[in-house]
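Colleague: I am new to this structure and would be grateful for a close look at a single part of it. Could you please describe the surroundings of the ligand?

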Amino acid sequence: MQLSELKNLKIAVVGAGYGGAAAAKALSLLGADVNVYEQASRIGEVGAGIGLRPSTMNRFREWGIFDEIAKVSSPSEYFEILTPTGEPIMKEEWPASGEQTHTHLIHRGDFIDALLGVLPEDMVHLGHKLEKIQDKGGSSVLTFANGVSVEADLVVGGDGIKSVVRRELFDDRGPVFSGEHAYRTVISTDDAYGMVVDDNLRMYIGRGTKIYLLPLRHRDQVSFDITALCPDSTWAPEVTKDDLLATVEGFDERLVNITRDLDMDTVNVRAVYDIDPVGIWHTDSVVLVGDAAHSMLHHQGQGANSAIEDAGALADALREADSVKEALALFQATRKPVTDALQRISRQGWTEEEIHEVFPGQKPAAAATKE
Ligand SMILES: Cc1cc2nc3c(=O)[nH]c(=O)nc-3n(C[C@H](O)[C@H](O)[C@H](O)COP(=O)(O)OP(=O)(O)OC[C@H]3O[C@@H](n4cnc5c(N)ncnc54)[C@H](O)[C@@H]3O)c2cc1C
């Protein structure tokens, strides 16, 4: 689209999570008139870490915000999978993207603060919970619970796994329970019993439990996450320290000790859900991004990364296509095959065959020694 057309484009982004905030940044760089509507009255994120992949970091470079993200994150060279007692199963360097070879490990709270911090303050409207969306073809009308109503040429639905935009216009099936719980917190490196030896992400896996140790060196902390099988599908279930200890039984004594020392008030407990692939992500003037479009399980650590990639691809499509309608079709054609695959792979566990599919060419150490 021509610069003059993009400048006249009124865009409403629903949701100020990673997907919404990144879309707001990428689309405002096109010159469009962007506003973000967020249901919460203040922004907060779970106390836990995630990894921002090289391709995600490249998008930040393109948007001129690499330094803002880099200064609150630590670069990591590789990802390692180990048995519960620490025998290596496999080790993989992060897939490089251009010159960017490192994944940046970041606290979720720092990440959203950094992303929102690069947007003009008056772009984000808190306390706006979307209730209804009326698609009129070339534009759409959003109605919020506080009585405000706005019309926009393009609506970007970045409203997460329980998306109202998705439910109203695209797919009214709800989230799907994975049969797992995630217990997430951040602890001081000093309290990690010497298990943090460098800046790399490690996952210990066995008996249906996965323990992730994600170092946040710049904070002298480590994100300690347990994902464990549990049939209780309550969204925010109540669990005790003893429940957590039962999930880590048989793991390296130091991991058991970390679990025993946890302050349960700091542990975020959540049943883990994703969604089935959504057939169509867009109309002529509304499009889904991030978890609203393709929420996936966290086993590949790709949900937030995909939300950022969506924002970049949506801006690219608007620049390349002749109209918003064409751009939304191009966006879906570019992104949906990638996220369909990630949704599918993320539902798999970590058996030998599955590791081969996720990391082609990689030979799990256990299999290699059998030959
Ligand atoms: C246990 C766990 C571990 C994870 N680990 C990783 C990882 O290591 N790496 C990774 O890349 N991803 C990870 N993810 C996935 C990642 O958290 C999500 O993919 C990411 O948060 C999606 O961002 P989003 O902006 O699309 O949605 P969200 O972060 O859910 O943001 C949606 C926003 O929309 C707002 N909203 C919702 N409804 C409305 C409404 N009606 N009106 C207005 N606003 C609304 C919400 O308040 C929220 O601010 C993990 C997820 C889980 C559960």
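Modeller: The residues of the shell around the ligand divide into nine nonpolar, 13 polar and seven charged. These values come from a predicted model. In total, 29 residues surround the ligand, and G19, E38, R108, D291 and A304 are the closest.

From the side chain of E38, a polar atom lies 2.6 Å from an oxygen atom of the ligand. The backbone also takes part: a polar backbone atom of L130 is 2.8 Å from a nitrogen atom of the ligand, and a polar backbone atom of G303 is 3.3 Å from an oxygen atom of the ligand. On its own, the ligand has 1,000 Å² of accessible area, of which the protein covers 86%.

As for the elements involved, those that give two or more residues to the shell around the ligand are α2 (18-28), β13 (176-188) and α10 (303-320). The largest share, three residues, comes from α10.

The position of the ligand can also be described by domain. Domain 1 comprises residues 3-42, 126-175 and 275-352, while domain 2 comprises residues 177-274. Both domains give residues to the shell around the ligand, so the ligand lies between them.

Methods
Residues numbered from 1 in each chain as written. Predicted model: local features only at pLDDT ≥ 70, side-chain atom pairs only at ≥ 80, totals over all residues. Heavy atoms only, no water. Near = heavy atom within 4 Å. Polar contact = N/O pair within 3.5 Å; in protein donor to acceptor, adjacent residues only side chain to side chain. Areas by Shrake-Rupley, 256 points an atom, 1.4 Å probe, with all protein chains shown as cover. Helix = DSSP H or I, 4+ residues; strand = E, 2+ residues; numbered from the N terminus. Nonpolar A, V, L, I, M, F, W, Y, C, P; charged D, E, K, R; others polar. Domains from an automatic or database assignment.
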